[in-house]
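Good morning. I will go through two parts of one structure, so please have a look at it first.

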Amino acid sequence: MKTLAFDGRMGASGDMLCAALLAAGADPAVLAPVEDALDVHYAVGSTTKAGIAATTVDVVIDGDTSAEADSHDHSHDHSHDHDDGHSHDHSHDHGHTHAEGHGPNRTYAEVVALVEDLDLPPAVERDALAVFRRLGEAEASVHGTDLDDTHFHEVGADDAIADVVGAVLLLDDLAVERVVTTPISAGGGTVEMSHGTYPVPAPAVAEIAAGADWSLRGGPVDRELLTPTGAALLAELADGVDALPPLDVDAVGYGAGDADVPDHPNVLRALVGDGDGGLRRESISVLETNVDDVSPEVLGSLQETLAEAGARDVSIVPTTMKKSRPGHLIKVVVDPADAHAVARRLAEETGTLGVREGSAGHRWIAERAFETATLELDGESHEVRVKIGADTDGRVYDVSAEYDDALAVARETDLSVREVLRRAEARVAESASSPE
């Protein structure tokens, strides 16, 4: 499986993502639709960050040719001025005329219309619009407005549109099958806005991260490292991983950030290569407790009540406790972030006086999906859901029909449950193995 992996330890922004993708082998010619539609062009250059040679990308107003010769030693003072009273101005000390904030500041609906008019490939248009929706929903949540009433200012200007659409075009050109990122560093310290001083990550970044698959972490320096545009792109396009996955690396690219950070190369690294088709690694914690005085009704309800608190899986095993009393060992698989809440719920439901956290640090899991098998029996159509297990290369190794669906079909027909299960699984297995 051709995989693109980002190393997020120094955060990300739209221009860093574009630069990293170009450095990893994407063709800059695919950016032409954006340059043709907007009054901008992409200035691609090079720089060195803490000894690392890296690519730079600036979105520049058409007619300005000084960008290519710029050293890309940029300083940013963040702010965006909102008509709705929300203001976060950006001022930039650059040696040339950037498109930063250049062009009309648009509403969410205007940004959507502009992207739809760019005549992009369907998959690129879909992903770009999804990124802007994440940005719009984050702004609306922070400011307490409706999405349709949200005004994009900084992220609705020409440069931000060029960053978002450009990054999606470049990713499409790389033709990877999977995109992953390690935990993304937000930075630290504070950021100045017109409403006052806010901790990093900025409110919009925090909102976007809440809906992302990857993890957000602080540091390693006290400055803002993750922008809303960078966060929204990665939230839409990348799965989160704890560490770089096994790769036969074909290309490595570094996209430079603006600032020079002492002792840290301010770059976003992108690696492209073939990944092993295995199971997906997922961080977990395992909670355990022994009980000998919990009613069968309560034990039977734990699957549901603990799932509500965040449990991934619940097992209850009969065991023998002190004084040879019969009891039960309850084992619960949870995301580490949910361990405390699930342990509290487990104690409340069972009355146990203690919950242990086991030593398991991760589990290997299949890529899971459901398909519906339609069985034609006696002139009538019957549907049975079938769960599919596959590795990260998409190779299916297990199909399992849902028992409750099969039981319902068996009751309506003269077939046994086992025969319904067999037919549904065979139907989906045949579909999964057929060439596309």
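I will take a pair of helices, then a sheet with a helix on it.

This is a predicted model, where local features need pLDDT of at least 70, side-chain atom pairs count only at pLDDT 80 or more, and totals for chains, interfaces and linings use all residues. Residues are numbered from 1 along each chain as its sequence is written, and side-chain values use heavy atoms, with hydrogens and water left out.

Helices here are DSSP runs of H or I of at least four residues, and strands are E runs of at least two, both numbered from the N terminus.

First, the helices. The axes of α5 (residues 158-174) and α7 (residues 228-237) come within 10 Å and cross at roughly 35 degrees. Axes are lines fitted to C-alpha atoms, for helices over the stretch in contact, and angles run from 0 to 180 degrees between N-to-C directions. Which residues make the contact? From α5 they are Asp163, Val164, Ala167, Val168 and Leu171, and from α7 Thr229, Leu233 and Leu237. Contact means heavy atoms within 4.5 Å.

Now the sheet. It is open, with 3 strands in the order β20-β21-β22 and antiparallel pairing; two strands pair if DSSP finds at least two bridges between them. β20 (367-377) and β22 (396-401) are the edge strands, each with a single partner, so one side of each has no neighbour in the sheet. From one strand to the next, the twist averages 30 degrees. Between β20 and β21 (residues 380-390) there are 11 bridges; Arg368 has Gly389 in β21 as its bridge partner.

Finally, helix α10 (residues 403-412) packs on this sheet and touches β20, β21 and β22. Its direction makes about 160 degrees with that of β21.
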